[in-house]
Each structure stands twice: as structure tokens, then as C-alpha cells.
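Could you take a look at this one with me? I jotted down a few points while going through the model.

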Amino acid sequence: MTAPPTAEENPSTGLGALLGPHLRPALAACRLYTGRPTRVEACTGGNVSHVYRVTGGRGSVIVKVRGRRFARLAHIATDPALIAVEHRALALHHRLLPDLFPKVLAFVPAAHAMVMTDVFPDGRSWREHLDQRPATAEECIRLGAALSRVHQATTALPPLRNGDGDDRFRAEHAYGYSLRAAGHRALDEACRHLDALPAQQLILGDTCPKNLSLSVGRVAFVDLDNVHTGAPLFDVGYLLAHLVLHHITRPEHLRPLATLFLDTYSLSGPPRPWRGDGLLATVTAGILLYRLEARTVPYPPTAPPGAAARLRQQVRQLLDGGPFTVQDVLEAAELAVTG
């Protein structure tokens, strides 16, 4: 979440170009919490919306703006008014778990923009930390407990996309961009099994390291534009896949870290045995392919091309071969380094 500063006084670039006539009221909303803004900087990581950090003498806030096209994938059109869905998601999740989610400080519907608290105390996402070092045991325990708390808190809540087509969102977005992108029959079947699970509820939908802060002993989830009604198992597999992805070159850490994350998640709420859960293993494999093959949404490399290619091949072999477990996925990741 760091980048070179952009001068707020220049309305033709950066945040000014995005907001146009709405720049002044948006900065006025920021000023209530930052004092006079002294720096505006673009934050890295978001594919859908444009994200900026506005800093002043009293601290910093985050400004998020959604346009008619994805911020980093300009070939994909979108409806900027959908930021209202994320606004509702943030308001709901912050009300339920204020220690885990940013607070919306101002919403400017005409500009398709939100001003939020800055929950990255060191200015860096967990992804940026993982690019430099392995995860720690303590981080994985905190993550497992936090994700379990989220799923417990959102059980039995009504859908956010009521009338917008939650089923279509799953098919075209949550599944279409990720699990179904690989074109594998086992992943199509996994989508059907996910939808058939009885515990359908609000889930986060994009639990990847760039959307997490684990600084100063806390956990914070951001980027809730993928919140939808689905199976909590999707969030667990999504996060587990990224844990695997960021430890391809650190295989000695992978099994203990994955075990800590999954055991903590399972023990923090209703028992959710994971060792024999073939659907969780398949979802994890599908998200790995989604990132490794990057057919629609790019993901910066986390391993040398050779190791990534071997893992991709081994994951496809698992999917081709029939039922497999999470332990099989972890073993495939270990073999990607050793060959």
C-alpha cells in the first residue's frame, strides 16, 4: 500500500482526474480526520477500484473510487454504482466487528467514492510482507481466528445483493473469474457442490494477502467489493491457496503454517474438520490455478517460472486424478521446488 506521492493541487492527474468536480468535497471529508492534506498517494494492489491514501497533520485516510472500468484491468467494464454494495458491506462488517474492518467516514455517491479509516498502520499489506519473508505461526493463528469470527458474525444475515442477482454474481464473478477460469470439469463440479452446501451466508469472496493487514498484532480485512452470499469454505480455500502460493519457495514453512491456520479456524467456531475435506482441497487447487495461469486477473509472480510451472502441472494432475486432500495440495507445492 505504498507509492510515490501525488500532489493534490494538480486536478488533472491522479485523484483529481478521477473525481473532477467532486475532488473538493471529497478532500473536505478527508480534512475532518487528517487536518489539511499534505500528501496524496496512490496505493498499489487494487484491480477494481482506484485507491489513494490522503495524509495530513492528524493522520491518514483512504479514498476509494470506482470507475466505469477496472482500475488495473481497463478491458473489463463495470458499473461504478456497485461501490454502493461495498459501502453496505463495509458498514455492516465494521458494525459487527469494528476491530477487523475499516470504518466508512464519508460516502460520496455522485463520485462513486468512499473515505475510510486507514487500517494499514505500517502502510503495507500482508502481501508486501510476504514478498520479503515467510508468514509467521502467530500470523496464521490470528488469521484463522479472525476469519472464523467473520463467518460466525455474518451467519443468517440477509444478502447484500438482494435484487442484484447474487446467483449471477457467483456464476460470473466469484466463480467465473476464479474457479471456472481454468476450464476444468472438476472445478465446475466444485462450484455446484459449493452452491449445494446448506450453510449459505455472507462471505468475503477475496481473502488474499493484498487485502489484509497483519501489522501491530491485529488483523484487518479490506476490499469488500466481492462480498456475496456463498459458502464460507470458499473464503477458507481462497486464503489457503494464497498461503501456498506465497510459500512455493519456502516449502519447509508450508505444512506447519497451513495446519495452524486451518486448525485455528476449525477450533474457533463450530468444528470444521479439514483433513478429509475433498471440496476444500479442490477449491484450494482451483484458486491456485486461477493465480498461476492468470487468464483474466494478473497476479505478480511469487516463485521462479520453473517452480510455478511445476506446481501448475501438479495441481492439474491432482484435478485429473480424482479425489485428493489438502495434504496432497501441500505436497504438490513442496514438490514444485524439489522437482
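Here are my notes, point by point.

1. Ground rules. This is a predicted model, so to speak, with residues numbered from 1 along each chain as its sequence is written. Local features need pLDDT of at least 70, side-chain atom pairs count only at pLDDT 80 or more, totals for chains, interfaces and linings use all residues, and side-chain values use heavy atoms, with hydrogens and water left out.

2. A156 sits in the loop between α5 (137-153) and α6 (166-178); helices here are DSSP runs of H or I with at least four residues, strands are E runs of at least two, and both are numbered from the N terminus. A156 counts as exposed because its relative accessibility is 72% (exposed is over 50% relative accessible area, buried under 20%, partly exposed in between, with a 1.4 Å probe and protein chains only).

3. Another one at D223. Here too phi is positive in a residue other than glycine, near 60°. D223 belongs to the loop between β9 (220-221) and β10 (228-230). Is D223 buried or exposed? With 15% relative accessibility, D223 counts as buried.

4. Two helices crossing. The axes of α7 (residues 185-196) and α10 (residues 278-293) come within 10 Å and cross at roughly 125°; axes are lines fitted to C-alpha atoms over the stretch in contact, and angles run from 0 to 180 degrees between N-to-C directions. That angle makes α7 oblique to α10 (under 35 degrees is roughly parallel, over 145 roughly antiparallel, 65 to 115 roughly perpendicular, the rest oblique). On the α7 side the contact (heavy atoms within 4.5 Å) includes A186 and H193, and on the α10 side T282 and G286 are among the residues.

5. Aromatic pairs. The count comes to three, where rings of Phe, Tyr and Trp (its six-membered ring) pair if their centres lie within 6.5 Å, with planes under 30 degrees apart stacked, over 60 edge-to-face and the rest tilted. F101 and F221 are stacked, because their centres are 5.6 Å apart and their planes at 25°. F101 lies in the loop between α3 (83-96) and β5 (104-108) and F221 in strand β9, so this pair ties together parts 120 residues apart in sequence. F101 is buried at 1% relative accessible area, and F221 is buried at 3%.

6. A ring cluster. Y175 and F234 make a tilted pair, 6.1 Å centre to centre with 55° between the planes. Both Y175 and F234 are buried, and ring pairs link Y175, F234 and Y238 into a cluster.
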